[in-house]
Amino acid sequence: MSSAQNPAPAPDADVVGAEARPGRLTAAAVLAAVEGLALAVGGVYILVLGFTGGSDDRQQAVTGGVTLIVLALLPLLAARGLLLRRSWSRGPAVITQIMALPVVYNLLQADSIAIPAGIALAVVAVTALVLLVNPATTRALGIRGPGDAGDGK
């Protein structure tokens, strides 16, 4: 067969062969992955401090580090699901962004280097939320709105 009779799928096409993944969906997945990686790196850093004696309370450092690493799984799994266009992935991604907002508030209340980190996290969380509720993202994930129930009879 010639390539004209059997065209190759687009490089950004879904496995099923549907339309290409919207850039908004990819951007939301990347932002969720960045948050997950940041949590994982922070968790490993706190664990290392706990084990090397850099922390005053070793047990608290280990607990905090393990907690951050476990929490990193939520946005990382959501990012993978978004990239694979799984409809379930939008919920955990939105929850991650909402959970980031109180953290932003606390970081912005600090009188230290945490303020720029709070600003950066605020930009990432709000941008990701906007991308996740965008109609193009919703359609790409196959999520139907309340007025789009279709004929389920």
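This is a predicted model: local features need pLDDT of at least 70, side-chain atom pairs count only at pLDDT 80 or more; totals for chains, interfaces and linings use all residues.

Student: OK. How many helices and strands does the protein chain have?

Tutor: The protein chain has five helices and zero strands. Along the sequence the pattern reads α-α-α-α-α.

Student: And what share of the residues counts as buried?

Tutor: Of the 153 residues, 27% count as buried.

Student: What about contacts with a separation of 6 or more? How much comes from residues 24 or more positions apart?

Tutor: Such pairs account for 63% of those contacts in the protein chain.

Student: Let's do packing. How do helix 1 and helix 2 sit?

Tutor: Helix 1 and helix 2 pack at an angle of about 165 degrees, and their axes are 7 Å apart. That makes helix 1 roughly antiparallel to helix 2. Their crossing is left-handed.

Student: Next pair. At what angle do helix 2 and helix 3 cross?

Tutor: Helix 2 and helix 3 cross at roughly 135 degrees, with axes that come within 8 Å. The two are therefore oblique to each other.

Student: Fine. Which residues make that contact?

Tutor: On helix 2, Leu-71, Leu-74, Pro-75, Ala-78 and Leu-82. On helix 3, Arg-90, Pro-92, Ala-93, Ile-95, Thr-96 and Met-99.

Student: Some of those are three or four places apart. Why does that spacing matter in a helix?

Tutor: An α-helix has 3.6 residues a turn, so residues three or four places apart point the same way.

Student: And the handedness of helix 2 passing helix 3?

Tutor: Helix 2 passes helix 3 in a left-handed crossing.

Student: What about helix 1 and helix 4?

Tutor: Their axes come within 9 Å and cross at roughly 145 degrees. This crossing is left-handed. Helix 1 contributes Arg-24, Ala-27, Ala-28, Leu-31 and Glu-35 to the contact. From helix 4 come Leu-121, Val-124, Ala-125, Thr-127, Ala-128, Leu-131 and Leu-132.

Student: Switching to the core. How many residues are in the largest nonpolar one?

Tutor: The largest nonpolar core has 14 residues. Those with the most contacts inside it are Leu-25, Ala-28, Leu-82, Ala-93 and Leu-132.

Student: Which elements give two or more residues to this core?

Tutor: Helix 1 (23-52), helix 2 (58-83), helix 3 (90-109) and helix 4 (114-132).

Student: Take Leu-132. What is in contact with it, leaving aside neighbours within four places in sequence?

Tutor: Ala-28, Leu-82, Arg-90, Ala-93, Val-94, Gln-97, Thr-137 and Thr-138.

Student: Thr-137 is on that list. Buried or exposed?

Tutor: Thr-137 is buried, with a relative accessible area of 0%. It is found in helix 5. Not counting residues up to four places away, Thr-137 touches Arg-24, Leu-25, Leu-131 and Leu-132.

Student: Back to helix 3. Which of its residues are buried?

Tutor: Pro-92, Ala-93, Val-94, Thr-96, Gln-97, Ala-100 and Val-104. What covers them includes helix 1, helix 2 and helix 4.

Student: Loops now. Where is Arg-85?

Tutor: Arg-85 is in the loop between helix 2 and helix 3. It has a positive phi of about 60 degrees although it is not a glycine.

Student: Is Arg-85 buried or exposed?

Tutor: Arg-85 counts as buried, at 13% relative accessibility. The cut-off for buried is under 20%.

Student: Last one. How accessible is Thr-63?

Tutor: Thr-63 is partly exposed, with a relative accessible area of 45%. Thr-63 lies in helix 2. Its C-alpha atom is separated by 8.2 Å from that of Leu-47, 16 residues apart along the chain.

Definitions and conventions: Residues are numbered from 1 along each chain as its sequence is written. Side-chain values use heavy atoms; hydrogens and water are left out. A nonpolar core is a set of buried Ala, Val, Leu, Ile, Met, Phe, Trp, Tyr and Cys residues joined through side-chain atoms within 4.5 Å. Buried means under 20% relative accessible area, exposed over 50%, partly exposed in between (1.4 Å probe, protein chains only). Helices (H or I, at least four residues) and strands (E, at least two) are DSSP runs, numbered from the N terminus. Contact means heavy atoms within 4.5 Å. Axes are lines fitted to C-alpha atoms, for helices over the stretch in contact, and angles run from 0 to 180 degrees between N-to-C directions. Angles under 35 degrees count as roughly parallel, over 145 as roughly antiparallel, 65 to 115 as roughly perpendicular and the rest as oblique. A crossing is left-handed if the near helix is turned anticlockwise from the far one by less than a right angle, and right-handed if clockwise.
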